[in-house]
Structures are given as C-alpha cells and as structure tokens.
Amino acid sequence: MGIVYGGKTLKQSIKESDDAFKRTGHLHGLERLELHEEDPAKLTRLNWSLTYGCINARESAKLVAASPTIRTFGECIFMLLANDGDCVTGSLGLIAHIGSAPKIIRSMADLNFEDNPGIAEGDIFCCNDPYYGAPHAADNYVFIPVFYEGQLIAWACGMNHIMEVGGITAGSMPTFTPYVFTDGCLYPPMKTGEKFKTFKWWDLFWERRTRMAMMNVLDDRARVTGALMIHDKVLEVVKEYGVDYVVSAMREMMERERRRFVQSIFTQAIPAKFEIANIDLSAQKGMGGKLFPEADKDVLKYIPVEAEFLPDGSVNIDLEGSSKEDYWGHNVWEGTLRWALPLWYLPQLIHSTCVNTAADYEVELGRPLGSMFNPTNNQLGVTFGLASACLVARMLEFTTSEAFLARGSVEDVFQMIHSGLHVDLGGVLEGGIPWAYSDFTFWGGMSSGARPYRDGDAASTSTVNPQSDIGEAEEWETYEPPIVTLGKNVVVNGCAHGKYRGGMGLNLTQMVVKPGRLSLNWSTPGGATFCSITRGMAGGYPGIGALMVVIHDTNLPELIGAGMGYPSSYKEAKQWIEEGKLKAGNVRIMGSSAAQVPLKDGDLVIIQSFHESGWGDPLDRDPKLVIKDVEEGWVTPDVARDVYGVVLRLIPGDESVDEEGTKNTRREMYERRKKRAVPAREWWTQERDKVVNKQFTELVYDMYANILDWNKSREKFTKFWQLPKDYEL
Amino acid sequence: MATEKGKVSSKENLRLLIEGKLPWEQVKELIREYPKEEDRFWKYLEILQEKVPWKDKILMRISDRLYIVRKSDKSRIVKCECGYELGDYRINWKLSCLVYVRKTSEEFAEVYSIQPQFPDVQFNEIREFYCPGCLALLGVEVVPAGYPLMFEMLPDLDTFYREWLKQPLEDEGEEWYQDKTVEQTARWLNDG
Amino acid sequence: MTTSQSKRYQIAIDAGGTMTDCVLVDKDGEIVVGKALSNKVNEAESYMESVANASEYINTASSEVHEGTAICTYAGTTMLNILLTLTGQKVGLLTTKGFEHVLYMERALTWLHLSYDEQMRQSLHEHTPSVVDVRNVKPVAERIKGPSYYPGAHIPAGSVLVPLREEDVRKGVEELIDAGVQVIGILFIHSYVNPAHESRAAEIAREIIQQRGADVRVVLSYEVCPVSMESQRAKSLMVQCFAALPAQAQLLKVEQAAKSDGFAYELTTFLSYGASVNVRYHRMYESLISGPAGGLIGAQYFLNEINNIDSIICTDLGGTSYDVGVITKGLTNIEAEPVFAGHKMNLPMLAIDSIGAGTGTLIHVDTVLKRVELGPESAGSMVGTCYKYPDITIGDLDLILGYLNPEYFLGGAIKLDKERALFEVTERLAKPLGQDVYEASSRVLDTLHSKMRDHISGTMIARGGNINDFTLFAYGGSGPLHMWGVSEGLNVRATCTVPWAAAFSAFGVAAADYFHNYQKSVLCVLAAAMSDDAKLKECEALNQAWQELEEKAYVEMEAEGFSRDNVSFRYGIYARYIGQMASWYAPVPSGRIGSIEDMDKVIIDSFEQAYTSIYPLAARMPESGYAVTVAVVQSYADKRKPTVRIHELSDKEPSKEAHKGKRAVFFEGEWSDWDVWEMDPLKAGNHIIGPAIIEHPMTTVVIPPRKRIEIDPYMIMWFK
C-alpha cells in the first residue's frame, strides 16, 4: 500500500498520470472539467487561495534570507506540486523552476525514496543536482510532502538561487567547470530534516562546503519557511473544501491550463516549420592548464533549433546538430531543458491565475544522444546548462513571434534576452576576511527587443523573473566592499537597429578600491563576440552580446585626486584613453568568459549588457522617432544619419528633421545597397567553392565537422551546398 | 454589446496597429484580449490586401514586406509589397534576393554602433538580403562563413486553412508542405 | 496656559480634489459634517467654507468653533492628486555622475501596476512616466563609500572616495536654471551616511540661484529620506520636489486662516500611516496619502473594532482619485518600501494605492480614431461642462443618465446644467463615435468601472489577499454613486456603504488616535556568546534612545497644547536575528531595561512573539543571537472619538416622507422610472428595493434593478 492519496505508490501515481495523457490526450484523462462546469466560482476561489498561498509564502520568506538576490530581487519561487510532482501553481519569481521541480519528484520516485529513506509527514527533502532534474548548483530546492490523514496529497516546494556554491572558483556560477566536481556542492535528492525541523548536519554542510556559510544557511531557512507556509495553507484549504475536492480540483487546474496552451496556439499561431540557431564561443583555452588538458580549448557552442507547430497544436523541438557533450559547464540534462520551456510558453502562450507545468506535456523534445543536450557521461560540468536551455527558449519565443505575425496577432510579437551575463567576485579583504559574491544586476533586468509597432524598452524585462529588477548600487556595494560603482546607466547607441529599434543596453562601470586579494570571474553564455541570436526579424538587426572590459593599471586615483572626476561609461573611458587623459597599462576585452582575473587598486571594470534586436528595415524608420531619440540622448546624430539616413537640424531647443537632406541621404543609401549586393546565385556559387575547398577558420571548421556527424544536419549542409556524398571535415 | 466600431479589435484599430500608429493604451487592450476574436485572420488579410498595390490573393504574411500569394496560374509564390516576386514559397526566398555580406570590422561598424561590442569578425559575417525590386532590407543573418541560409518559415498552409480555419484552400495537395530549397541549388549547380 | 483639554471641539478635515470635508466632533463625541468645493488655488478658502458649513449645523460661528478647538487635523489628497494628474512643479535633478538615468531606469520595476497573470506577460511591462525630464538631470562627479556587510574590514562608511567636483555642480545648476526648473533635487550615492557632498552642492546651488535672482528651491535627498537605495530615495526626493512643496505651501495658508479665526495651536496633518505631524514637517512627502489613510483608519475603527468585519477593501471614490486600501484580518499593514502609483519609494505608509479616476475625470475622445480615453486629468471642483469646466467628465455622464440630480448637488447649493452637459456630451462623445448619446455614455461608465475593478485586483495582488474573503466598502462623495458598477463581477464577500460616506475619510481622521511617532537608529547586538554584563551595556544605547525620543515628544506635543501629564508613551523596537538583513517591528511592554530579566522580557520575548506571528517555528534562529536596529517611541494624547450609536430596527418599508418621487434613469440600454429616496429619513432596518436612487446633499446611492440596500442597526447600508 503506497503513501499517495488513494493508496498508490509514488511511482504508480506518476505512471498513471503519464498513461492517462498518452491514452486520452487529456491530463489525468479529464475529457470533462466537471468541477469547473458545476461551480466555476468555487473552483476559482480555491485556485486563488492556493496561488495566493504561494505568493504569500514568497513575500514572507524573502525577508528571512540575507542575500539581496532573494530579499530585493526575489530570485526565488514557491510552488505547490500535485502528489505526482506536477506544478499546479506557484508564486511569481524564478518561474522556470515549475518546469524542473516535477522532474526531481520523479527522480525521487524512480529512486524508490518511498522505501528508503522513506517519505513521511514532517520530512524535508533537498536537491540541486541537474542529473536528477535541477538546473545547477546555485538553484537549491526544498520539498515538504503534504500529508492528510496519512496520505500524500501534494508537495510544498521552495527554491532560490544562492550566492556562493563552493565551486572551483568563488561565486554562484564558476566560469570554468569541466566536471560536476568543479561545479560546486551538487547533491542528489536527500532527506535534510524530520518533524518539520532541519537536521544539524545540514547547516554544517553549508558551513563547510561553501564560502558564504551564514548566507547559505539563512537562504535554506527561507526556503523551508516558505514551503512550510504552503504546506499549512493546503491543509487549511482541505479543511474548507474537503480533500477529495482539492485533489480533483488540482487535476482540473492542470488540464485547464493544457487546454489554454493549445487554444493559444490554435488562435494565435500557425502550423509551420521554423529554422534558427545560436552560436557562441566557449573560450577555455588557457584555463585548463596542466590540471584539465582535456578542457583546455576553445569551442564554438552550436545550438540549432528546428521548431514545428504541429496540426494538433502541440510543438516539436529538434536540437539535432547541436555541439557534442564536452568538458565544459554547458552540458544540459532533460530537467534543465524542461526548466527553460516555461520562459517561453508562460509569457507568450499562457495567461492565467496559476503558473503550472501542464504545457510541458504538449512539447516534444529531440535531444540527440551524445550531444550537449543529452550527455552520455554524467560527470561532465553543468553550471551553464541552464543558460543554453535559456537560448532554446529564446529561439522558441522568436519563432513563435514570427508565427504570431503570420497569423495576425501582431500585438503579441515580442522578444527579450534569455540569458544573463554573470560576474562572480571572491577573495580576501585586507582585514583578512574571506568573501565571495555574485553580481546579479543583469540577470535581474535587461532591455526588451523591438516589435512590429514599437521600439524596445530599456531596463524593462527579465526572462528568468517576470518581476524584473536590476537592484540598487547602494545595496550591492554593501556586499562587495572593494567595488565602487561609477556608472549604472543606459548605453548611448546601445541597441540593434531597425524600423523599430531594440531597447538600449545597460552599463555598469565600477572602480576597484583596496581589493586585498581579489579575482573576478566572468561569463556571458550566449553572448559576447556573437549575436544573441543568428538572425533578425523582418530586416531588423539581431541583438548583440555583452561587453566586459577590465582596464588594469590606471592612473584613476591620480585623476580623481586632481579633481578630474572619472569616466562613467565605456565610451567615455575609451575617449579619455585616446586623449591620453586616462593612462591604462592593459585594456582587456574579456569576450564571452574569463576566469580568475586579478583586480588591483584603481582597476576599472566595465560591463555593457546585451543590446536588443531591432525589427524591420532601418531605412523605414519614421524620422520623428529618430529625432526623439537624439533629443533624449539615446542615439547620437551621426548614427541617426549613417544608420537611419535621417538628417537633423540641431538648433538647441528647436531640433527638426531636414526633410530634403533625409530624402537624399536615404536615396544614396539605397543606391549603395544596389552597388554592393550581388544576386543570391552569384553569392552561392562563390561561397560553395570555399565550402568545397574547406576554407574555414579553425573553430568554424570544427563546428561544421560536428554538423556532419549527425544525419539530418549533415543532409541539410551537404544538400544546400550540393556537396559530394563523401564530403568530410 | 459594443458595435464593431467600438471594439478595440476593430478592423480600423488593426490597420493602425500594422502601421505602428495604434496608441499604446489600445495596443495593451489588444494584448490582453483572450482568446483572440474568431475572425482576426480574415480581417488581417483584408487589411493587407487593401494595403498592397497589387491584386494577387494573399494567403499569408511571412515578414514585414513579404507575402505568400496565389497567382492566377495557381502557383503559390512569395511576393514583396513592392510587387517583386521571389519565387515558390517552398524555396527559401533568400535565394531570390540581392545579397550583401559584411566581413570587416569597418563594414560591421556601419550597422552596429559600438566597437568592439559587436560580433567577432573572425567567426561571423553579416548577411543582408535586399529585395531586387525595392532594395528594402528583408532579412539579416549573422553566422560563420559557409553556414547554409536559414529557411525562416515554411507554413503548412493546407492544414492551416482546412483544420485551423475550417475553410480549406481549393488547390490542396501533398506537395505544398515541402522544403524545396535544395532543388533550387541543385538546378544552379547543374545549369553550372 | 490653558491646555487643549479645556477645549470643546476637534476639527478633522479631508481636502479632496473636488470636495473639502469637515467633521466637527464635540465633547460628547457627537459629529456634524461640513462640505465645500475644494479651492485648488487657495485651500484656506475652502477650508474656512467647510468649517463654517459645519458650524452652521450647530448654529455657531466658525470663530467660536476655532477658539474652542483643541485639535485641528488637516488631511487630504492635494499632494496625491498633483502626482496622479502630473501637475506638479518643474523639477531638475543633480545626481552622482553615472547615475543620470536612475529615474528613467527605475530599477527595471516595470510591472508594479500589473496583476499576477499580467506580470508574466512581459510585453505589458512599462515604465511609470518620470516626473523629471531626463534632459533636466545633470551629472556631478563625486563618490562616498557606503556601509559594508563586513564591518571594520574595509574603508569606513562615509569616507570620500571622489571629492565633489564643484564645477560640475555650477554647470548643472546654471543649465537647470536656464531650463526654467522651479526646484532642484540633489541626490548623491550613499549621502545617507555622509551628507557632506549634498550639503556643499546645495550651498553652491543656492549661491548661484541668488546671483541669478531665480526663484528655485533646493531639496537634498538626505534631508528628505536618509536611507539606503538610490532609486527608491530618488523617487521619494522627486515626490517631495514635485508634489509635496506646493502642498505644504497650501497647509501653511490653511493654518494662517485657522489662527486668524481664533485657533490657538499649530495645525497638524496626517502621515501616510496615521501619525500626526506639524505642518512644518520637512519630510512632508510622508503625508502623501493623509486623506486616504484617514479613510482606512476610519474603516478599521468603525467596521472592524465596532462591527468586527475583519477583512475589508476600503475604496474612496472622489472627484479626482480612486484610492484603494486593504485591511486584512483587522490589521492595517504599514509598509516601509511601498509601491504607490507605479513608484516604489521609501515612505512608511498604510497599504493603499491610488489611480486617477473619479467623477471629475476627463473624457478624451479621439475624433479621428473614434476612441475614448479616461483621465488622468480631473475637473476637480469644476465638476464638468454641467458646471464650470470646459471639457466633458464622468460627472456629466452621471448627470445626463439620470443618476445625479441637477437640483440637489451639495443639497442644491450648486445647480448643475443638464442641458449643457447633454449638448456637450452629444457633440464631443456621441457624434464622433457615431453612437446614441446615452448608449455611448453608459459604455464609458463601463470602462471606468472595469478600470476601477482592475485597480482593486491589482492592489489585492500586491497585498497578497484573497478577494473572496473581503468586504467591499465604498465611500467618498462618489463612492455610493458607482458602487453598483464596481462591485459587479467582483467576487467579494459583501458590499456596503454608510450614510456619511461622503465625509468618511474626515470621519476617520477624527476617529484616529492622536499620536506622534519617533524613531532612532541604534545598534544593540545581543550575541549568544556575550556575558550578561556585556548585554546590559548594549541595552544602554536603547535606553538612551528611548529617553531622547520621549523628550522630543514632550516638546512637540506642548506646542500642540498638551502638557506633560497629558502625554503617554508606547514603545517598540525593530530587531532581527544576527546575520539577517530585514528587521521586524515588535511593540515592547516597557521603555527601559534594567536587568537581564527585563532584557529577556522586553526584547527577546517581544521579538520572538512578533517573528513567530509571521513565520513558522522552523524559521527561528535564536542560536545566532539578536540585533536591535531601531528604537521607537509613540507619544499619545487622549482625544474624544466620534461616538457610534446603535439604532432600533424599524420595518423594511421606509417611511413615506423619505420618498421623493420618481426619476427617469437610463440603464442597460433603456429608460425607466426609478424611485428616488431622501437619505436622512431612512431608518435602520429599512430595505430600499432597486431600481432606486437615494439622495443626500453630499452623495447619491444608485441601486439598479434586481438589487437592494438593507440598513443595519449601525446604519451600514448593505448592497445586495
């Protein structure tokens, strides 16, 4: 006799759910939503009670924690899971985790936790291991089973991103991590408490295995606190509605949301096939050294997505052709990929009184074995797997938007960045105090891309957390004593152009003061040196990756002493250097990642976030929009002229568009296009010769070699270029 | 209750939306509308058909200026707003464009305004696809040299009209949902 | 000196955008209500009218009332309306170089106004329009070191890292004066630990302003809001510059008028959480929602304490703003970093949020696009085209649809021109839309009502309550008039109003305890390992802080007419477990700690009780020790609250003389005759069956077909 409501074992009840869906196409086989039909108001009331229960849990738990990522940013989520693990509803916050939490419950079932260590009332379980469903070491889960009269009716779950994971380097996401052993303290599902109280050893674990013991212990308290509040809420609700009603209601809420997803596809999208890809440089050359020679190399990380909206409203995602599994942090397990899907379907296709996992059942994932999305070696690094998964979500959002445009849901076309850029700091202060920290500014908030009817906004969205928030410099500095913010602002000209431009990127300029021993780790998965995505929308330019610059050995202290002030943006710093005002021993452009960069007094650290995608042909941009940008200082007059072909009369207080000049400039620009371009066939013929003769730069060569190792992607590549059957790289 | 005129999803408002002139407050109401009204697609087609200077029947809009239309000879082709025709919609329309490829930092800097914050030239080229008719920029790809052109969207038109809109196209057929791009490159090779 | 205890009256004012309400309470707690149209240009006039109007009911001259008045509290929505209708001063900002976009980026908090499901749709995210033009923000190179999580391990907080670059200040000020700003705010990073740079910049600014003979105020962020977090502090600073300064000027005029009419003390107003302050208070932005706060406190007093209805959505609909506040299980929550009107700022206030919507709200009709938009501007006391305003408003619609009686506005003191309203609405709304004038008008009301419903659910989300457990309480001059529309489809437990709804916020101000709130930051660390002596030493800091605050209280209350023996104190602390960042408020039994036993009782027990009232036991961490961060003293003075009578129930059938006849009303597409009742003759126990209208000189209750009003012994009118 199992613990689950109705006497089944956890395994059985999960299998039943899956079978019922396969058999009927409805979750739990619900062809009718009886409770909804009988008394919709009653079910809505219950729905809100449960959802508010999660919201309240999050709002209260936030304050228990110490790290501002939870307290200010709310980088956490609290969820109610059905007894089979599916997320029924949750608070807002890090919503992606509604996709991964169920996988962890499923792992616990597969591992027969019911028998050993046993699942009983008051137990507390924790996990953060991607192999068992979690995205990475930084995202830590607490699960508390909800029992009613001895039977499991639900799970209460709390999750948050911690600031220090005890990895090979300090912070929450080690830049260089070829193996799980360097990822930080990963742990499989385990029982960490009984009788609603955490075991002592669990606190000790955090104290010994991470660099920020106190913060991590408090964060764990916060997770347990919120989960317990949901646990109590469910029992309170059962008292009011009766246990049968609550259990069936949770199932109907699942099926209802599944229908909502399919309904949205049917009414806003079209059945079609889409092609898109993401390419990024994994720069590990020089990092592996003697210790990890197998990881000491640069690789182009390649993620092609073929998305198909099928006639029945379900979605098929094929990742065939992706890079192979490797000695890097970019290996992705299924839970991590499922983690990312809500980042696509919640904002675009589901608008509801609960965030739940139902849509997950309508998405088929093609994860080729041996690729980074389905590794054969479960000891490879996983820290950034979620970032690659984010990019898949980003590409789905992109193609879904194209489907919206085709269907006429023009208003719903929307794009935003799906991958943050990340700075980890760690060292020992002059006082001898060790410390470590993650700067979350640009995970918390970014700009948004252009739409077919308006420009993107600056500092307005965050994929990972709909409650976007870039925090406050005054608060962050409290945790990063040697870091002094000299600029937190919008990047002038910092957008991808188009008929409508992307939202301006954001800038952080920081000065290092009395660092003691301090090193910086930097990573921007799916970013720097590449576009955030390989193609633009409708003639707009695709958004571009982030920029990280460290300027070493400056004379900044002298400049400041002499009352000259400081540069507050990259543009200005560059200008000061060119003018010889700012002396710089070494200007280091970091690319997509850098590990253990030592920082000294007076060093300047400058980060510019992603610049967002444009939409449509820049020469179609309304000059009125261009002049507004110039007046408000977002775009400079030279860009207005060179990119948009708009000539302005800039009489202070009386700026206006030079209609005639604009007409002429734009005519000339069309002429130049004509002069420069060649017919596609001509281009194809020339390019083909290069491909036939294998004239590729080294890393690109390797990337195509990988493509040829798979069937479908080989077919595509060789057929497009009409290459001989035996073409190999 | 509300008259067609009064509704936020009126044809008039949709036209304004497409022209980028619908005030943000109304756009938000449209975004909030759930589910979308039944006849949205048909209204959309009407507006588009009124917008273009030519008569061929629009079956679907696939980009800012590109449409799949049915010609009198029953062929389904991609047509630019300006009237230029880019061939069978099952063949990647980029193969009918004028192509300009940016390869150097200088060329990149013309369209990405902050150096060095743009794609690394040693791995990337910027491909721009212009309409041979009106020279409008129809698409941009930023990929390594040698990367096959991306076929942005191949719609399953027959399924869409028959099963989703419940108004089948009269010229349905097996062949319509197939990527024929490589047949074109094959022809190019053979005509050598 | 005669202390205020010998005085007979209390004056409580709620100055709304449209009406200025006066509640006069005498020694026995009997109340009379006065009203006057608000005079935005000179509030002293509408204040005097309103007091005079109230005095008439007791056949007394306003001067006699003023002479006999102990406490005069002037609350209102002046400041709030300036913010909502974006009609404040032209503001410039000097800020640390590199932070010029702080108000434009506003921390990426673009979702504050959205509900749970809409926050997820990031395509709906948008910035709240800044009250400062980004071109009027000027950079100044300077930097000061902030505090550290590792105390003592780095450069001390407040150290100068980059000296103030005075030429930047000069350049900025010159440019701002050229740009014609009326007030310059100064916000430098970490100024709350060391204000030196802000002060120096202010000196320079004032010099230049003087040299140029310009009339420009200078406001410093550390004076207004000396707490961490630059974005929230900037918001507070901007509210002070944009809205609070003009509002304060009005308050001083009012005090002048009251004094010259015989009032002996200083005028006080209401802070956003119900404490009283002198109108010279230098952080006047903290009284942003003084009026609505009154309403919330009134609801807590009347519906919760007296009628024990524990969860209430308090909705105040006036002519200009719609204020929604929440009482959950009897508690009004005070938030330290509230979200208000789309801004997240540092400002302790009750859980209330407002939008620009009311009977004075303008109706914009786009004749080209055939589209209607509401507000945010308001006709305020000029009502609409039916009275003195050039553009059509919601009030015009209420009138032509038959809801309002043109002959009975303010009891007939003001005649509304129905013909004119009908003509204007036809010309400007109906014709452009190509619709029937009455059809079009009721459609616009639908829009207003759904906008108000959205605001309610948005507020509920932000406060995390389940709307089904709440009672909707409608008040404010227009509350009862639109109660039917707002409550429709809103799944609340019940809906009600009261006969004196029109002046309910003023009633709340009268019903509120009279107290001042004083706080002082302390650091009193009680680590587990410390010896008892060491702990007691730590507690000394707390004892001193409490005593300091008591002295401060005595002095201020004296000026308001309360001798020491009439002042009593309550004490509190903000505390946390060592290592935590947030602190929690805990009321404590005494304001002195003399022994370890005291410490356990006063600090530990009180904190644990407050903490575990919010969190499950698993969240406790006594082993890590405690830190007290703030000492709190509240000084109270007795005052007579309005008495609430319980009435005998009479029959369901209202008495004949209450019936005023019938009136044609347009509802759901057709005209029909509705019963019209007079409010005052109605009795507890009466049922008024819809379709009907209840009229009162100061408000109107609309009861559609199939609805009714039931009056209970407390005269609460239940809408069913």
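This is a predicted model: local features need pLDDT of at least 70, side-chain atom pairs count only at pLDDT 80 or more; totals for chains, interfaces and linings use all residues.
Arg535(A) and Glu152(B) are joined by a salt bridge between their side chains, at 3.5 Å from N to O; a salt bridge here is a side-chain nitrogen of Lys or Arg within 4 Å of a carboxyl oxygen of Asp or Glu. Residues are numbered from 1 along each chain as its sequence is written, chains are lettered from A and ligands numbered from 1 in the order in which they are written, and side-chain values use heavy atoms, with hydrogens and water left out.

**Interface of chain A and chain B**

- Chain A brings 102 residues into contact with 86 residues of chain B, contact being heavy atoms within 4.5 Å.
- About 7,700 Å² is buried between the two chains, 62% of it on carbon and sulfur atoms; buried area is the accessible area (1.4 Å probe) that two parts lose on being put together, summed over both.
- The rule finds 38 residue pairs in polar contact across this interface, both residues at pLDDT 80 or more. A polar contact is a pair of N or O atoms within 3.5 Å; within protein, one must be able to donate a hydrogen and the other to accept it, and residues adjacent in sequence count only if both atoms are side-chain atoms.
- The side of chain A that touches chain B has 55 nonpolar, 23 polar and 24 charged residues. Ala, Val, Leu, Ile, Met, Phe, Trp, Tyr, Cys and Pro count as nonpolar, Asp, Glu, Lys and Arg as charged, and the others, Gly among them, as polar.
- Strand β23 (678-679) of chain A runs antiparallel to strand β5 (98-102) of chain B, with 2 bridges joining them, and Val678(A) stands opposite Val99(B). Two strands pair if DSSP finds at least two bridges between them; helices (H or I, at least four residues) and strands (E, at least two) are DSSP runs, numbered from the N terminus.

**Interface of chain C and chain A**

- In this interface 74 residues of chain C are in contact with 93 residues of chain A.
- The buried area is about 6,800 Å², of which carbon and sulfur atoms give 59%.
- The rule finds 8 salt bridges and 38 residue pairs in polar contact, both residues at pLDDT 80 or more.
- The side of chain C that touches chain A divides into 38 nonpolar, 22 polar and 14 charged residues.

**Asp412(A)**

- Asp412(A) forms a salt bridge with Arg121(C), the closest N and O atoms being 3.4 Å apart.
- Asp412(A) also forms a salt bridge with Lys36(B), at 3.0 Å between the closest N and O atoms. Asp412(A) lies in the loop between α11 and β12 of chain A, and Lys36(B) in the loop between α2 and α3 of chain B, so the pair joins two chains.

**Sheet in chain A**

- An open sheet of 5 strands has the order β14-β15-β20-β17-β18, with antiparallel pairing.
- Its edge strands are β14 (483-490) and β18 (584-589), each pairing on one side only.
- Strands β17 (547-554) and β20 (604-608) pair over 5 bridges, with Met548(A) opposite Ile607(A).
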